[in-house]
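Here are my notes for anyone opening this one for the first time. Have the sequence and the 3D view side by side as you read.

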Amino acid sequence: MLPYDDHAPRPPRRIALTGGPGAGKTAVLELVRRTMCDHVRVLSESASIVFGGGFPRGQGPEVQRAAQRAIFYVQRELEATAQDDRNLSIVLCDRGTIDGGAYWPGPGELWTSVGTTLDEQLARYHAVIHLWTPMSGYNHQNPLRIESPSEAHAIDERIAALWSRHPRRFEVQPTADFLTKAARAIQILRDELPPCCREHLPRLGVRMASAS
């Protein structure tokens with residue numbers, strides 16, 4: 001992989017891709033992997049790492065609080081693994097440390113429990129792209145989904161409220177054709193690339209067609 005030519009090395013820009021359950025994050029991230037250059041790294045979702053590793057996923061508030069603290073710490077350290085790689089221009093996070101606040105059962109807020117503030121966490125990200133969960137077509141029969149459609153939309157709203165103060169927040173609304181939604185998200189990300197990376201990418205429409 002050749003270093004990107006952006007005049008002077010700098011830490012990669014950290015961008016969060018977020019949204020409620022069923023918003024299409026997984027599909028968009030797969031398209032990013034297929035269409036973006038090697039100077040974009042996609043990080044795994046910390047919640048999947050935590051729960052996939054056997055962390056209890058109980059319904060009691062103490063278990064939920066423990067899980068969200070674990071997810072927060074894994075997310076933060078996962079992001080740290082890419083921060084010093086000067087061959088990267090963007091680190092795209094599958095959710096960010098902010099998202100855990102939408103799942104925190106109380107009392108209080110997640111931030112106090114992990115010794116930080118919401119503003120400190122917002123400042124960690126160069127930008128955030130919010131994929132909204134569709135009001136219709138939510139696949140609640142997917143065995144990986146534990147939320148009902150109403151719960152999914154409530155989570156989506158809470159996530160949006162937590163990120164709302166970020167100065168560079170982009171919203172991607174649902175569309176009848178999911179590839180239109182995905183193309184919009186990828187275009188936002190593409191615009192964040194340095195000029196040398198954008199110039200070397202083929203036209204977005206061509207790459208999207210070949211990835212489908």
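**Notes on the fold and a few side chains**

1. Start with how the chain comes together: among contacts between residues at least 6 apart in sequence, 77% join residues at least 24 apart. Keep in mind throughout that this is a predicted model.

2. For the overall layout, count 9 helices and 5 strands in the protein chain. Going along the sequence, they come in the order β-α-β-α-α-β-α-α-β-α-β-α-α-α. The chain has 212 residues, and 47% of them count as buried. The protein chain exposes about 10,600 Å², with carbon and sulfur atoms supplying 53% of that.

3. Next, have a look at helix α6, which takes in residues 149-163.

4. Which residues of α6 are buried? They are Ala-152, His-153, Ile-155, Asp-156, Ile-159, Ala-160, Leu-162 and Trp-163. As for what they pack against, the buried residues of α6 meet β1 (13-19), α4 (110-113), α5 (118-122), β4 (127-131) and β5 (169-172).

5. Now the aromatic rings, where the count comes to 2 pairs. One of them is Phe-72 with Tyr-73, an edge-to-face pair at 5.5 Å centre to centre, with 80 degrees between the planes. Phe-72 has a relative accessible area of 2%, which is under the 20% cut-off, so Phe-72 is buried. Tyr-73 comes in at 35%, between the 20% and 50% cut-offs, so Tyr-73 is partly exposed.

6. Tyr-125 and Trp-163 also form an edge-to-face pair, 5.3 Å centre to centre and with 70 degrees between the planes. This pair links distant parts of the chain: Tyr-125 sits in the loop between α5 and β4, Trp-163 is in helix α6, and they are 38 residues apart. Tyr-125 is buried, at 4% relative accessible area, and Trp-163 counts as buried too, at 0%.

7. Two arginines are worth a click. Arg-14 lies over the face of Tyr-125, at 6.0 Å from the ring centre. Arg-57 lies over the face of Phe-51, and there the distance to the ring centre is 4.4 Å.

8. Then go to Thr-97, in the loop between β3 (90-94) and α4. Is Thr-97 buried or exposed? Its relative accessibility is 3%, so Thr-97 counts as buried. Leaving out residues up to four places away in sequence, Thr-97 touches Phe-72, Gln-75, Arg-76, Glu-79, Leu-110, Trp-111, Gln-121, Arg-124 and Tyr-125. With Gln-121 there is also a polar contact, side chain to side chain, at 2.8 Å.

9. Finally, Pro-167 lies in the loop between α6 and β5. At 77% relative accessibility, which is over the 50% cut-off, Pro-167 counts as exposed. The C-alpha atoms of Pro-167 and Leu-122 are separated by 9.1 Å, although these residues are 45 apart along the chain.

Terms used. Residues numbered from 1 in each chain as written. Heavy atoms only, no water. Helix = DSSP H or I, 4+ residues; strand = E, 2+ residues; numbered from the N terminus. Expected span 1.5 Å × (residues − 1). Buried < 20%, exposed > 50% of the residue type's maximum accessible area, 1.4 Å probe, protein only. Contact = heavy atoms within 4.5 Å. Phe/Tyr/Trp six-rings, centres within 6.5 Å; stacked < 30°, edge-to-face > 60°. Lys NZ or Arg CZ within 6 Å of the ring centre and 35° of its normal. Polar contact = N/O pair within 3.5 Å; in protein donor to acceptor, adjacent residues only side chain to side chain. Areas by Shrake-Rupley, 256 points an atom, 1.4 Å probe, with all protein chains shown as cover.
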